[in-house]
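Have a look at the chain first.

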Amino acid sequence: MAFGFTPSSAASMSASSMRSERLADSVNRPTRLLEPAEWAAAGIPLLRNPREVVSGLHTRHRPIPRTAVVAVLDPEERLNASASFTRRDSATDGWTFRNALLSQLRRVIPHDLRRRTPVRTAVLLYCREGETRWTEEDGAWMWGLRDACTLHGLRCGAYITMTRDGWQVLGEGRGGRRPSVGSVAEVFGGDEESTPRTGGAATEMLRRAAAR
């Protein structure tokens with residue numbers, strides 16, 4: 001004769017709840033990300049005129065929160081291609097972000113894998129709510145951008161966040177209050193305060209793109 005007991009319904013529910021919490025934590029916590037120190041040590045090339053690039057992409061794509069804008073620049077910072085998409089997956093993971101970015105890059109521009117050294121540079125602008133400081137979500141986007149660039153034969157460029165307080169290039173300490181999430185897109189050729197600095201190749205190309 002064997003003796004035993006049947007777990008109470010309360011105990012079963014408690015165990016099930018703990019499993020659900022562990023599963024949710026593993027889904028929501030990034031498993032592939034770069035810390036700010038790792039990003040700074042990666043030798044990311046500096047943008048010569050980040051405000052010009054940010055203003056141009058904001059004018060062209062009109063991003064809203066949870067929108068990512070990936071752009072490919074040539075050595076003169078002329079815009080070769082760009083694409084924007086809205087983050088729909090709730091999981092925050094560099095692998096997921098890498099796949100999304102790589103899919104967009106493959107859609108808008110051929111790879112440079114045959115080159116010994118990357119010539120073009122990919123930069124990422126991500127719009128989100130919250131503070132401007134680094135978050136784990138930013139770290140996952142950084143990981144995704146770096147890996148997507150490697151697989152597409154590009155140099156990994158700047159990672160830029162945009163919130164309602166403005167924009168900033170993470171890891172560089174450069175930023176500005178305009179444009180920002182929810183702000184009116186800047187029109188090239190307007191007054192000096194709302195117009196990016198002119199004279200660069202990126203400005204000319206983005207001006208023509210906005211006019212089309």
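Where is the place of E77? In this predicted model, E77 sits in the loop between β1 and β2 (79-86). Its backbone is worth a look: phi of E77 is near 65 degrees, a positive value in a residue other than glycine. E77 also counts as buried, because its relative accessibility is 8% and the cut-off for buried is under 20%.

R66 also has a positive phi, near 75 degrees, and is likewise not a glycine. You'll find R66 in the loop between α3 (50-61) and β1 (67-73). With 35% relative accessibility, R66 counts as partly exposed.

Here are some accessibility values side by side:

| Residue | Relative accessibility | Class |
|---|---|---|
| R66 | 35% | partly exposed |
| E77 | 8% | buried |
| C127 | 0% | buried |
| C149 | 1% | buried |

On to the peptide bonds. Which kind of peptide bond joins R178 and P179? That one is cis, with omega at about -5 degrees. P179 belongs to the loop between β6 (174-176) and α6 (201-211).

Now the cysteines. How many disulfides does the structure hold? The count is 0. C149 is in no disulfide, and the nearest cysteine sulfur, that of C156, is 4.6 Å away.

Methods:
Residues numbered from 1 in each chain as written. Predicted model: local features only at pLDDT ≥ 70, side-chain atom pairs only at ≥ 80, totals over all residues. Heavy atoms only, no water. Helix = DSSP H or I, 4+ residues; strand = E, 2+ residues; numbered from the N terminus. Buried < 20%, exposed > 50% of the residue type's maximum accessible area, 1.4 Å probe, protein only. Disulfide = S-S within 2.5 Å.
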